[in-house]
Amino acid sequence: MADEIILHHYWNSPFSEKVRLLFGIKGVAWRGVIQPVIMPKPDLIPLTGGYRRIPVMQVGADIFIDSAAIMAEIERRHPQPRVIRGADWALNAWADRILFQPTVAIIFGAIGGAIDPAFVKDREAMSGRPFDAAAMKAAGPSARGQFRAALGWLEAQLGDGPYVGGERPSLGDIAFWLNVWFYGSVLKAQLEQDISDFPQAAAWRERLTAIGCGTHTEMSPAEALAIAAANEPDAALQIAHDPADPSGLSPGASVTMCADDYGCDPIAGSLVSANPHAIVISRQTPELGRLNLHFPRAGYVLRAG
Ligand SMILES: N[C@@H](CCC(=O)N[C@@H](CS)C(=O)NCC(=O)O)C(=O)O
């Protein structure tokens, strides 16, 4: 069906877990396509034009890149219960980028020698940096200390209600959850030891675990590609172009999009619209016809060319 929400993900992906929790909070029904953890990703790249990261959401021939664009679109489609309030995005960006660093150091420092060499090679190629398990191991105690500082902030916040934003789950919870879930999914006993010093955070973790991830049924990658091929981008999903956009670019311009942190494989297309919230580009592809790609504005670089 053209309007089904299709999440391209894999189960141990922490950025996908954010989206899955949002599905759970809102009670959304979704289809899941399992994509590989490392390159090649022959059933993903035709949809994204080169973006290899996970998660990616597809609705017909509209492709939402990055958990931020995905969550914004889910909130728009399913406004009740409200989960996202403006400044939640700042907490989300902190959790994705700042807190994620100690989380990764704790996890990969601990499992260092047991990491699949193919995974190491893939992530080195993606980031352009050596995957230094020894350095992460050395950073472990400091990273753990920093993680516990964040647990302390969470604990203090939960003094005002069961969730970060008060009585109802919000994007603030999802932001912390990315890291708490990832840590606990790999090093369960150690995370439980750390969080036991923060009783409200420990109870919060149980509340979020109980929410689950909505109703999902699996879909094959081939079916998802066939849906993209059989549909045209939905005009109703177009955002207003800001004629004063600082890029100086107008709709129709040839552009590339790139993540501004790591994993930057430039994605080429023509600009549909850009505004302070999002950027939409269009790609005419030989295999799947026309696709519109939706990016968050924050965290991405738009260039002419
Ligand atoms: N800013 C992106 C980050 C996504 C990200 O880094 N995802 C990880 C998996 S959780 C990834 O794609 N790793 C490389 C891969 O799976 O190929 C987002 O919020 O979606």
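Contact here means heavy atoms within 4.5 Å. Leaving aside neighbours within four places in sequence, serine 16 is in contact with His9, Tyr10, Ile54 and Pro55. This is a predicted model, in which local features need pLDDT of at least 70 and side-chain atom pairs count only at pLDDT 80 or more, while totals for chains, interfaces and linings use all residues. Residues are numbered from 1 along each chain as its sequence is written, and side-chain values use heavy atoms, with hydrogens and water left out.

**Domains and their interface**

- The protein chain is divided into domain 1 (6-81 + 216-304) and domain 2 (88-211), with bounds that come from an automatic or database domain assignment.
- Domain 1 puts 28 residues into the contact, and domain 2 puts in 21 residues.
- The C-alpha centres of domain 1 and domain 2 are 25 Å apart.
- The size of an interface is often given as the accessible area lost when the parts come together.
- Between domain 1 and domain 2 the buried area is about 2100 Å², and carbon and sulfur atoms give 69% of this area; buried area is the accessible area (1.4 Å probe) that two parts lose on being put together, summed over both.
- Eight residue pairs are in polar contact between domain 1 and domain 2, both residues being at pLDDT 80 or more.
- A polar contact is a pair of N or O atoms within 3.5 Å; within protein, one must be able to donate a hydrogen and the other to accept it, and residues adjacent in sequence count only if both atoms are side-chain atoms.
- On the side of domain 1 that touches domain 2, α1 (14-26) and α3 (66-77) each supply at least two residues.
- The most is given by α1, with nine residues on that side of domain 1.
- Helices (H or I, at least four residues) and strands (E, at least two) are DSSP runs, numbered from the N terminus.

**Salt bridges**

- Side chains of opposite charge can pair when their charged atoms come close.
- A search of the whole structure finds 18 salt bridges, each being a side-chain nitrogen of Lys or Arg within 4 Å of a carboxyl oxygen of Asp or Glu.
- Four salt bridges are found across the interface of domain 1 and domain 2.
- Aspartate 260 and arginine 97 meet through their side chains in a salt bridge (2.9 Å, N to O).
- Another salt bridge is formed by arginine 297 and aspartate 245, whose closest N and O atoms are 2.6 Å apart.
- This pair links distant parts of the chain, 52 residues apart: arginine 297 is in the loop between β9 (289-296) and β10 (300-304), and aspartate 245 is in the loop between α10 (221-230) and β6.
- Aspartate 194 is buried at 2% relative accessibility, whereas arginine 148 is partly exposed at 27%; buried means under 20% relative accessible area, exposed over 50%, and partly exposed in between (1.4 Å probe, protein chains only).
- Aspartate 122 and arginine 123 form a salt bridge (2.6 Å, N to O), and both residues are buried.

**Disulfide**

- The structure holds one disulfide, a term for a pair of cysteine sulfur atoms within 2.5 Å.
- Cysteine 258 is joined to cysteine 264 by this disulfide (S to S 1.6 Å).
- Cysteine 258 is buried at 9% relative accessibility, and cysteine 264 is partly exposed at 34%.

- Serine 16 is in helix α1 and is buried, with a relative accessible area of 0%.
- Isoleucine 54 and proline 55 are joined by a cis peptide bond with omega of about 10°; proline 55 is in the loop between α2 (45-48) and β3 (56-59).
- A cis peptide bond also joins glutamine 80 and proline 81, with omega of about -10°, and proline 81 is in the loop between α3 and α4 (88-111).
- Aspartate 66 lies in helix α3 and has a positive phi of about 85° although it is not a glycine.
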